[in-house]
Amino acid sequence: MSRLDLVYHIVSSIEDKNVHAFSSYFTDEGTFRLGNYPLLKGRNSISQQCIAFFGLFKTCKFSILSAQEANSDVVCVEGTIAYVKVDQSTVIVPFCITLRLEEGKVYEFVMYVDNSPLLLPTPPTMQSPWCVA
């Protein structure tokens with residue numbers, strides 16, 4: 001599998017909320033950092049945190065704008081993620097991922113993203129009770 005194909009498989013595992021598949025792409029001692037969350041080390045730690053994170057949204061869909069191989073072991077990806085929150089509202093946030101690979105597995109995954117909209121309440125629709133559609 002090419003490094004860019006690996007990126008698409010990883011993204012698909014996130015969209016599917018498949019913790020087992022996602023963690024399987026890491027080396028035994030792989031690390032994962034999502035935004036300002038603490039650094040996670042090892043598949044077990046990564047799996048446990050992903051279970052909790054995946055509970056913050058109903059679905060997500062990645063739109064990859066650019067995926068480039070920086071050298072033989074680094075892949076950089078940028079795009080947007082459209083989340084459908086538990087309350088059915090949708091938020092779209094930009095992201096950038098840097099993957100460092102070792103023998104076809106991820107040993108460092110850094111995802112720069114501001115996921116705070118997932119945690120914030122969705123503002124009510126501004127609609128006047130006097131307006132008639």
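Trainee: Let's start with strands β1 and β2: in which sense do they pair, and over how many bridges?
Mentor: They pair in the antiparallel sense, over two bridges. β1 covers residues 26-34. One spot to look for is Thr 31, which stands opposite Lys 41 in β2. Keep in mind as we go that this is a predicted model.

Trainee: Got it. What's the strand order in the sheet?
Mentor: The sheet is open and has six strands, in the order β2-β1-β6-β5-β4-β3. The pairing is mixed.

Trainee: Which strands are the edges, then?
Mentor: Those are β2 (40-41) and β3 (57-71), and each of them pairs on one side only.

Trainee: And what does helix α1 touch on the sheet?
Mentor: Helix α1, residues 3-15, packs on the sheet and touches β3, β4, β5 and β6. The direction of α1 makes about 165° with that of β3.

Trainee: What about α3, which strands does that helix lie across?
Mentor: α3, residues 43-54, lies across β1, β2, β3, β4 and β6. It runs at about 40° to β1.

Trainee: Okay, back to the strands. How many bridges join β4 and β5?
Mentor: Eleven, and the pairing is antiparallel. Within that pair, Glu 78 stands opposite Cys 96 in β5. The two strands form a hairpin with four residues between them.

Trainee: Which residue in that turn has a positive phi?
Mentor: That's Gln 88, at about 80°. It has that positive value although it is not a glycine.

Trainee: Is Gln 88 buried or exposed?
Mentor: Exposed, because its relative accessibility is 51% and the cut-off for exposed is over 50%.

Trainee: And the next hairpin, β5 with β6, how many residues are between those strands?
Mentor: Two. The strands pair in the antiparallel sense over eight bridges, and Arg 100 has Glu 108 in β6 as its bridge partner. Glu 103 sits in the loop between β5 and β6, and its phi is near 50°, a positive value in a residue other than glycine.

Trainee: Why does Glu 103 count as exposed?
Mentor: It counts as exposed because its relative accessibility is 83%.

Trainee: Now I've clicked on Thr 98. Which strand is that in?
Mentor: Thr 98 is found in β5. It counts as buried, because its relative accessibility is 13% and buried means under 20%.

Trainee: So what does Thr 98 touch?
Mentor: Leaving out residues up to four places away in sequence, Thr 98 touches Val 74, Val 75, Cys 76, Glu 108, Phe 109 and Val 110.

Trainee: Then Val 113. Buried or exposed?
Mentor: Buried, with a relative accessible area of 11%. Val 113 lies in β6.

Trainee: How far apart are the C-alpha atoms of Val 113 and Asn 36?
Mentor: They are separated by 8.5 Å, though the two residues are 77 residues apart along the chain.

Trainee: Last topic: pockets. What's the volume of the largest pocket?
Mentor: About 240 Å³. It is lined by 18 residues, and Phe 32, Leu 34, Gln 49, Cys 50 and Phe 53 lie nearest its centre.

Trainee: Which element gives the largest share of that lining?
Mentor: α3 does, with five residues. β1, α3 and β4 each supply at least two residues of the lining.

Trainee: And how does the lining divide into nonpolar, polar and charged?
Mentor: There are 16 nonpolar residues, one polar and one charged.

Notes. Residues numbered from 1 in each chain as written. Predicted model: local features only at pLDDT ≥ 70, side-chain atom pairs only at ≥ 80, totals over all residues. Heavy atoms only, no water. Pairing = 2+ DSSP bridges. Contact = heavy atoms within 4.5 Å. Axes fitted to C-alpha atoms, helices over the stretch in contact; angles between N-to-C directions. 1 Å grid on protein atoms, 1.4 Å probe; cavity = no way out; pocket = protein on both sides within 12 Å on 5 of 7 lines; lining within 4 Å. Points joined across faces, edges and corners; volume = space filled by probe spheres on them. Nonpolar A, V, L, I, M, F, W, Y, C, P; charged D, E, K, R; others polar. Buried < 20%, exposed > 50% of the residue type's maximum accessible area, 1.4 Å probe, protein only.
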